[in-house]
Amino acid sequence: MTQRGRAAKPTGPTGRPRRTGGQRGTDRVGRGGDLATRRARLHQVVEPVVQGAGYDLEDLSVSRAGRRHVVQVIVDADGGVDLDAVADVSRAVSAALDAAEEVGGDIVAGEYQLEVSSPGVARPLTLPRHWRRNTGRLVRFTVRGGPEAVDRQVTGRVVEADDERVVVETDAGRTEWRHAELGPGRVQVEFTRPGEPDAFDGTDEAGDFDDDDVEDEER
């Protein structure tokens, strides 16, 4: 995750100070409009920047943290998002917000902090791309039972996923479901995934403990 912020009297990309006079607060209605209008405008500014960088905007939220707001932007892509990519997106989004506010006034009233990050394992799988990007992972999800049946919880490993269906390997074998039949899935934390080597046990190839590695571990 990377963070960028704006102080109470910031400057835009040209170095000109933004308008900071007047009442500051979530109930202020100015050039940016009311809260709903501000959120819609924020989305309109951020989403094209994220998509233009080659990523999907998974979530965009604004919350209060003391006297300032926190603008949280969650981005993802096939193959994941590394720290360099997060930093690049953060700079691009920050610049776009600066430019938009220079033209149309504050989008977020008062001080705010911008946080850009990739989704964590706790985020639910709700869209086809979420399932596709978690192929190979152990997932727990709800299978909807329909109008006359009872919903049930299933845990299994995602084998295949596309825009229409998900194939999951469970203890009972492989089963295929359409996305409409599934509730949100949640990735289960595994210390060792199938096909991966066991964690390093502290010994070298000869079976002896490596003192340097032990010392590094203690530090």
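Strands β3 (residues 68-76) and β4 run parallel and are joined by six bridges; two strands count as paired if DSSP finds at least two bridges between them. Val71 has Leu114 as its bridge partner in β4. The model is predicted, with local features requiring pLDDT of at least 70 and side-chain atom pairs pLDDT 80 or more, while totals for chains, interfaces and linings use all residues. Residues are numbered from 1 along each chain as its sequence is written, and side-chain values use heavy atoms, without hydrogens and water.

The chain contains four helices and nine strands, where helices (H or I, at least four residues) and strands (E, at least two) are DSSP runs numbered from the N terminus. Of its 219 residues, 36% are buried, that is, under 20% relative accessible area with a 1.4 Å probe and protein chains only. In β4 (residues 112-117), six of six residues are buried. Tyr112, Leu114 and Val116 cover one side, and Gln113, Glu115 and Ser117 the other.

The largest pocket holds about 420 Å³ of space, a volume filled by probe spheres set on grid points joined across faces, edges and corners. Its lining comprises 20 residues, of which Asp76, Pro119, Gly120, Arg133 and Asn134 are the closest to its centre. A pocket is an open set of points on a 1 Å grid over the protein atoms alone, where a 1.4 Å probe fits, with protein on both sides within 12 Å along at least five of seven lines; lining residues have an atom within 4 Å of a point. The pocket lies between domain 1 (2-7 + 31-117) and domain 2 (124-187), because both give residues to its lining; the domain bounds come from an automatic or database assignment.

Methods: Buried means under 20% relative accessible area, exposed over 50%, partly exposed in between (1.4 Å probe, protein chains only).
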